[in-house]
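Student: I would like to learn how to read a protein model, going from the overall fold to single side chains. Could we take the features in turn?

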Amino acid sequence: MSDATLHATGRNPDDFAVQIADQVESFLVAVTEVAKGDEPGSAVPFLLLEVSQLLLAGGRLGAHEDIVPDERYEPDPGFEPDADELRENLARLLEPVDVYSEVFDPYEPRKAPVPARISDDLADVIADLRHGMVHYRAGRVTEALWWWQFSYFSNWGSTASATLRALHSVLAHIRLNQPLEELDGLDTDQSTLGDETLEFEAGRVMAEEIGERLGVHPANRG
């Protein structure tokens, strides 16, 4: 893609930059709305949908040739709101299923899973995306795309992928009416936990109980 295309002033909806920015903006708006807690019953399915759509944008950024910023040093983006309030709201909303276990790099052998939080992950993704959006709205389109591509590889891509697996697992347990173990008492400040530790520290909570709280119910075969 030429630099002229990246800086096109007509904002053609078919332009790569416009499409990526639209997907990022859609995710930012949607997750912010979910975090308000007005519709807790649809939180998990809606987040699953939004994260899936965001990762489509990430895949497009990942498959694209390296985007080179216009300037050697990043321009000052100015004020950026933090994501602490959103993080806290999501943690309350997702409390029964917020903590999950994750292996950070599947290509590093014998790495033990570590605890993570969906609320932390989503807030981190939001912070990365907002940073790029500040540049985009200021007209620094190449800078925005560079940042979104770089941070996709370095942080938000793997973070969103882990979150997607966790959300998918929650819905799968509930829809298939399978028991789900809540990580009761397990927190993200515990750094070295193997499979057995996770298993023994997990308190048993039936999937239908969590599903009832989140408004999701097992699938029925008609």
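Student: Which helices and strands does the protein chain have, and in what order do the elements run?

Tutor: In this predicted model, the protein chain has eight helices and four strands, and from the N terminus on they run α-α-α-α-β-β-α-α-β-α-β-α. Of the contacts with a separation of 6 or more, 76% are accounted for by residues 24 or more positions apart.

Student: What share of the 222 residues is buried?

Tutor: Buried residues make up 42% of the chain, while its accessible surface comes to about 12,200 Å², of which 50% belongs to carbon and sulfur atoms.

Student: How many residues are in the largest nonpolar core, and which of them have the most contacts inside it?

Tutor: That core has 51 residues, and those with the most contacts inside it are Ile20, Phe27, Leu129, Tyr136, Leu145, Trp148 and Trp156. At least two core residues each come from helix 2 (16-35), helix 3 (43-63), helix 4 (84-93), helix 5 (118-137) and helix 6 (141-175), with helix 6 giving the most, 14 residues. Leaving aside residues up to four places away in sequence, Leu129 touches Val24, Phe27, Leu28, Leu54, Trp148 and Trp156.

Student: What do the buried residues of helix 2 pack against?

Tutor: They pack against helix 3, helix 4, helix 5 and helix 6, and among them are Phe16, Ile20, Val24, Phe27 and Leu28. As a check on its length, the 20 residues of helix 2 should span 28 Å at 1.5 Å a residue, which agrees with end C-alpha atoms that are 29 Å apart. Helix 2 is followed by Gly37, whose phi is positive, near 80°.

Student: How is a pair of aromatic rings described?

Tutor: One gives the distance of the centres and the angle of the planes. The structure holds six aromatic pairs; in one of these, the rings of Trp146 and Phe150 have centres 5.3 Å apart and planes at 5°, so this pair is stacked. Because Trp146 and Phe150 are four residues apart in helix 6, about one helical turn separates them. Trp147 and Phe150 form a tilted pair, with 6.0 Å centre to centre and 45° between the planes, and ring pairs link Trp146, Trp147 and Phe150 into a cluster.

Student: Are Trp146, Phe150 and Trp147 buried or partly exposed?

Tutor: Trp146 counts as partly exposed at 23% relative accessibility, as does Phe150 at 41%, whereas Trp147, at 16%, counts as buried.

Conventions
Residues numbered from 1 in each chain as written. Predicted model: local features only at pLDDT ≥ 70, side-chain atom pairs only at ≥ 80, totals over all residues. Heavy atoms only, no water. Buried < 20%, exposed > 50% of the residue type's maximum accessible area, 1.4 Å probe, protein only. Contact = heavy atoms within 4.5 Å. Areas by Shrake-Rupley, 256 points an atom, 1.4 Å probe, with all protein chains shown as cover. Core = buried A, V, L, I, M, F, W, Y, C linked by side-chain atoms within 4.5 Å. Expected span 1.5 Å × (residues − 1). Phe/Tyr/Trp six-rings, centres within 6.5 Å; stacked < 30°, edge-to-face > 60°.
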